[in-house]
Structures are given as C-alpha cells and as structure tokens.
Amino acid sequence: MMAKNTKKKELIFELFDELKQLDMDILHEQHGWELPQYIVENLKHEPRYYQSEAIRYFHYTQTSETFKFRKPRQLMFNMATGSGKTDLMAGLILYLYKEKGYQNFLFTVNTNGVLNKTIDNLTGAQSTKFLFDSNLEIDGEHIFINQISGRFPEFPLSNSINIKFVSIQTLTNELYTQAENVMSLKDYQKTKMIILADEAHHYSASTKKKSKAELEKVSWEKSLLDLLHAHADNLLLEFTATLDFDDDTIYQKYRDKIIYRYTLDS
C-alpha cells in the first residue's frame with residue numbers, strides 16, 4: 001500500500017512577506033519606525049514586541065511609497081490565542097485617531113461574551129479590564145472614549161473616539177432594514193469608520209459556498225464587505241487565531257490580506 005503523502009503545502013502570504021522585506025530594508029538603510037510615545041503612554045500594558053511590530057507593519061501600509069497607489073483596505077491580523085489581540089486593537093485605535101483622523105470605530109464579534117468583555121476593555125474607564133490609561137491624553141489634550149449605542153454622531157467632538165459594539169448577528173439584521181435609531185447601510189454611507197471584526201474565522205461562509213445564488217444571500221461576510229465599501233475611506237481590520245488554511249478557498253481569500261501573523265511557534 002502506497003504511503004499517504006502528509007507533507008503540508010507551503011503557505012505563501014504575499015502582503016506579509018512584502019512587509020517583512022520592507023521592514024528589513026528600512027532597518028538596514030535607516031533607523032526604523034518606532035511605536036510613538038502617545039501609544040505607549042496611553043496603553044495600560046506595555047506593548048509586546050510582536051504587537052509593536054504589527055502596528056509598524058500597519059503603519060507601512062498607510063505611509064510607505066510602496067502602497068501609495070494600492071492602499072489595502074481589508075487586512076487580517078492572524079494572532080495566536082493569548083497574544084493580546086484586544087491590546088493590539090487599542091494601539092491601532094490610537095494610531096488611526098492620531099495619524100489618520102478616524103473617530104468612529106465599529107467592533108463586531110459573533111458572541112455576546114466576547115462583545116461584553118471588549119466593551120469593558122475599550123470603553124469601561126472604571127473597569128479593571130480597561131486597556132487604555134485612565135487619563136488618556138494626546139498632544140496635551142484629554143481624549144474621551146465613548147460607547148455608541150445607536151448612530152454615530154454626525155459632528156463628533158474633535159477630542160473624542162466613538163466605538164460602537166454590536167454582534168455580527170444584530171449588525172446583519174439591522175443593516176438592511178430602516179428603523180428609528182438603527183443604522184442601516186444607507187446611514188453608514190455617511191460615516192467614515194474603522195471596522196474591527198473579531199473571531200473573523202466565522203466570516204467566510206460565502207467564500208466557502210460555490211453557487212452564485214448562495215453567494216448573493218445576506219451573510220455575515222457580505223455584511224462586512226458591504227460596510228467596508230459603504231464609504232471610500234473605510235477600513236476592515238480582521239482578527240483571529242484560527243484560520244483553516246487547509247481549505248483552499250480560505251487560503252486564497254486571505255493570502256494577500258494577512259498583514260501580520262503571530263503563532264505559538266513564532
């Protein structure tokens with residue numbers, strides 16, 4: 001009986017490889033970009049080296065000449081369980097607020113347990129789980145972090161970061177309906193925002209389906225992509241520890257979207 005070939009296919013992630021090379025070139029040619037003090041000083045936990053590196057790679061996609069004409073708008077942070085994905089999100093929120101002027105952030109996940117924990121992490125200033133410094137300050141100005149329950153403010157205060165927390169199930173249900181104090185897709189078209197999609201391995205149902213009819217059905221994946229394209233400046237940042245790269249459709253979907261990988265054997 002012929003032995004079964006158990007050799008795993010080599011995984012190539014074009015964007016991640018390009019960023020690693022860019023990082024090496026920059027470090028070789030000049031002093032590399034360091035995590036700004038406004039991030040370090042305003043986070044409860046000192047960023048770990050790989051969290052800093054992940055933000056640095058993201059910075060390259062926003063500022064490097066290499067990405068001038070092809071700004072990636074959907075990015076995946078493939079980070080191991082326990083690696084501090086929410087701390088990374090907190091750092092990215094500060095970066096995007098300070099460097100890019102984003103004030104509206106939408107966090108979504110598929111379980112209420114993770115949703116409630118993240119509300120404490122990112123907006124619960126009185127909670128011991130709060131990941132920002134209790135006196136959040138940038139350029140001498142106090143920054144307020146607000147939890148948004150309905151619509152994002154049309155004219156947000158300049159020193160405010162607004163975060164809306166909604167389960168992916170509720171988000172999908174509301175997106176295609178018109179109701180008072182509920183943001184439909186039409187409402188989101190007026191709002192420049194960052195979408196933070198946690199446990200993102202759950203958002204590929206459409207990718208796995210083959211028929212066009214199934215692809216066109218409303219799904220969590222379609223909701224996120226419709227939100228991404230609702231405004232020209234929106235970014236979709238996905239986070240998960242679990243991606244099934246043995247499934248070729250998943251691998252093809254993310255091979256050019258993974259911006260950073262941190263696995264247990266890294």
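Contact here means heavy atoms within 4.5 Å. On that basis, F77 touches A54, F58, L88, L92, L237, E238, F239, T240, I259 and Y260, leaving aside residues up to four places away in sequence. The structure is a predicted model.

**Nonpolar core**

- The largest nonpolar core comprises 82 residues.
- Those with the most contacts inside this core are F58, F77, F132, Y188, L237 and Y260. Helix α4 (residues 85-100) contributes the largest share of the core, nine residues.
- In soluble globular proteins, nonpolar side chains tend to be buried together.

- Strand β6 spans residues 160-167, and eight of its eight residues are buried, so the strand is largely enclosed by the rest of the structure.
- S160, N162, K164 and V166 point one way from β6, whereas I161, I163, F165 and S167 point the other way. Residues on both sides are buried, K164 and F165 included.
- In a regular strand the side chains alternate between the two faces of the sheet.
- Strand β2 (residues 104-109) runs parallel to β6 and is joined to it by six bridges.
- Strand β5 (residues 144-148) also runs parallel to β6, with five bridges between them.
- I163 of β6 is the bridge partner of F105 and also of Q147.

**Largest cavity**

- A search of the whole structure finds one cavity of 30 Å³ or more, and the largest cavity holds about 50 Å³ of space.
- The lining of the largest cavity consists of L43, H45, E46, P47, Q51, I55, D87, L88 and G91.
- By class, this lining has four nonpolar, three polar and two charged residues.
- Helices α3 (49-63) and α4 each supply at least two lining residues; α4 gives the most, with three.

**Buried loop residues**

- S184 is placed in the loop between α6 (168-175) and α7 (185-188). Its relative accessibility is 2%, and S184 therefore counts as buried, the cut-off being under 20%.
- The contacts of S184 are E174, L175, T177 and Q178, not counting residues up to four places away in sequence.
- F245 is found in the loop between β8 (235-240) and α11 (248-254). With 7% relative accessibility, F245 likewise counts as buried.
- F245 and R255 are ten residues apart in sequence, and their C-alpha atoms are 9.2 Å apart in space.

**Positive phi in loops**

- D139 has a phi near 55 degrees, a positive value in a residue other than glycine. D139 lies in the loop between β3 (137-138) and β4 (141-142).
- The relative accessible area of D139 is 68%, so this residue is exposed, the threshold being over 50%.
- E199, which is not a glycine, has a positive phi of about 50 degrees. Its place is in the loop between β7 (194-198) and α8 (205-208).
- At 25% relative accessibility, E199 counts as partly exposed.

Note on methods. Residues numbered from 1 in each chain as written. Predicted model: local features only at pLDDT ≥ 70, side-chain atom pairs only at ≥ 80, totals over all residues. Heavy atoms only, no water. Buried < 20%, exposed > 50% of the residue type's maximum accessible area, 1.4 Å probe, protein only. Helix = DSSP H or I, 4+ residues; strand = E, 2+ residues; numbered from the N terminus. Pairing = 2+ DSSP bridges. Core = buried A, V, L, I, M, F, W, Y, C linked by side-chain atoms within 4.5 Å. 1 Å grid on protein atoms, 1.4 Å probe; cavity = no way out; pocket = protein on both sides within 12 Å on 5 of 7 lines; lining within 4 Å. Points joined across faces, edges and corners; volume = space filled by probe spheres on them. Nonpolar A, V, L, I, M, F, W, Y, C, P; charged D, E, K, R; others polar.
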